[in-house]
Amino acid sequence: MEQIHEASYRILRELGIKVEDADLRQELCDLGCDVAGDRVKINSDLLDKVIANAKKHNRFTLTSRTGKKVEMNPETVVSHSSNAIPDIIDLETGQCRRTNQDDVIATTRLMNQLDEMDMPCALVYPNDVPPEINQLKQAELLIRYSTKPIYACASEPDTARYLVELFDVFAGTDDKDMIGLVGISPESPLKFPKTITDAMKIIISAGIPVAMLSAPLGGLSGPLSIAGGLAQVNAELLAFAAISYLYNPETPLLYGPRLFYANMKTGCSILGLPETGIASAVGAQMASYYGFISDLYGMCCTSCAFDAQSGYEKAINCLLPFLLPGLSYVSGFGGLASLMVASYEQLVIDNEIYANVRKAAKGFAVDEDAFGFDVLAGAIKGGMILAHPHTIKYLKKGEVFIPKLGFDSVWSDWVKKGKKDIQAVARERAIELLKKDEQELEPLPADLDKEITKIIDQATAELVK
């Protein structure tokens, strides 16, 4: 960690970052940074101040429109889905097709019913929405249909302006909690275009928590070496934090490393590699090192099917960051094929994978009661372990994992149940949960519905060419 820290400081001190906005360059210069053309070399004193400040703002609460709360802090692990995947496996036909608004709605409603899913992103990209308002539409649909706090994204200032309006419908004033947070990403390597810094300024000035997302592709937009990629990611995130410090030092920031690698034979990114989990695990440690809340990718796979490959890739990449200190926020729910294809069934399967991983990383009690001396003493005297109060107590408290989706009996029972594979079981569960959510989800109150519709209509009229 110390070596990555020092390498990142050197990158920012000697190479700097490209900043398109001349006014921002001047503001950074006023804080002691060196400016040469469009590059800003960030001094260590400023970075030290930024890191010290981040530790003061790493605890906050998000509250959904239905009142569900998610506590964000370095000690609590929270989950969220993947975002803006362009294709989906149709729940009825099983065929891969382009995604649309109905898929955003349906996947959001399914995530309402997944007990291991804390916060949804818009899992899929609505291809039937104009690109100028697409991210805004994703946020609108999340607000309308999610019972949980949301994770939105902004890549340009117009989206950011209207996102602030949407968030302010529910929170952002007085002592109210925010309804969610916003993810923003610079360009790799070490570039901060004006569109990005303008979006940052709007969101951060409004005090909306921001996930800083650095996503170089090893061998293409960053070094192929793991250490080199991690140092670059860390440098980009620290630079992001330095700019954020200028805009609003009290806005909470999440440390979001997204270091991925390509198949160097084809140039295509492949997210199922163990390096995804390794980078996330180190990212968790670096976040802890600085005092940030971490936001990491976990359940990633390259596999395009519901097979053994998707299972072991997702499990190992999710488990690795759980095993080291610093994990706060983990993503990846619902994606296949390196996040190019989404799936209703995969959302349900990932809910089970996450439950397994969380249980494996939880540990177990080691104390006088847990050793169960009385259980053994009673058995020696002819007592029945199965009916012992100790057995019942530990069964009820979840000492042994009980799957909600996976098969947990013997071969003959599997045959009696129709020899269903995990996809078939997950499909049935997805349909069941969607029907359940349709019965439970209450629509927005009329006044809020009207206000949100007005914001989206204004954005559409202004932005769609």
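Predicted model: local features only at pLDDT ≥ 70, side-chain atom pairs only at ≥ 80, totals over all residues.
1. As general background, nonpolar side chains in soluble globular proteins tend to be buried together.

2. Now pick out Ile 17 and look around it. Which residues does Ile 17 touch, leaving aside those up to four places away in sequence? Its contacts are Leu 12, Asp 38, Arg 39, Val 40, Ile 42, Leu 190, Phe 192, Ala 239 and Ile 243.

3. Four strands make up an open sheet with mixed pairing, and their order is 2-3-1-11. Strand 2 (34-36) and strand 11 (191-192) are at the edges with a single partner strand each, so one side of each has no neighbour in the sheet.

4. Strand 1 (residues 17-19) pairs with strand 3 (residues 39-41) in the antiparallel sense, over 2 bridges. Across this pair, Lys 18 stands opposite Arg 39 in strand 3. Helix 1 (residues 2-15) packs on the sheet and touches both strand 1 and strand 3. The direction of helix 1 makes about 130 degrees with that of strand 3.

5. Finally, have a look at the largest pocket, which contains about 720 Å³ of space. Its lining has 29 residues, and those nearest the centre are Asn 83, Ala 84, Leu 213, Ala 215 and Tyr 297. The elements giving two or more residues to this lining are strand 6 (78-81), strand 9 (150-153) and strand 10 (180-184).

How values were computed
Residues numbered from 1 in each chain as written. Heavy atoms only, no water. Contact = heavy atoms within 4.5 Å. Pairing = 2+ DSSP bridges. Axes fitted to C-alpha atoms, helices over the stretch in contact; angles between N-to-C directions. 1 Å grid on protein atoms, 1.4 Å probe; cavity = no way out; pocket = protein on both sides within 12 Å on 5 of 7 lines; lining within 4 Å. Points joined across faces, edges and corners; volume = space filled by probe spheres on them.
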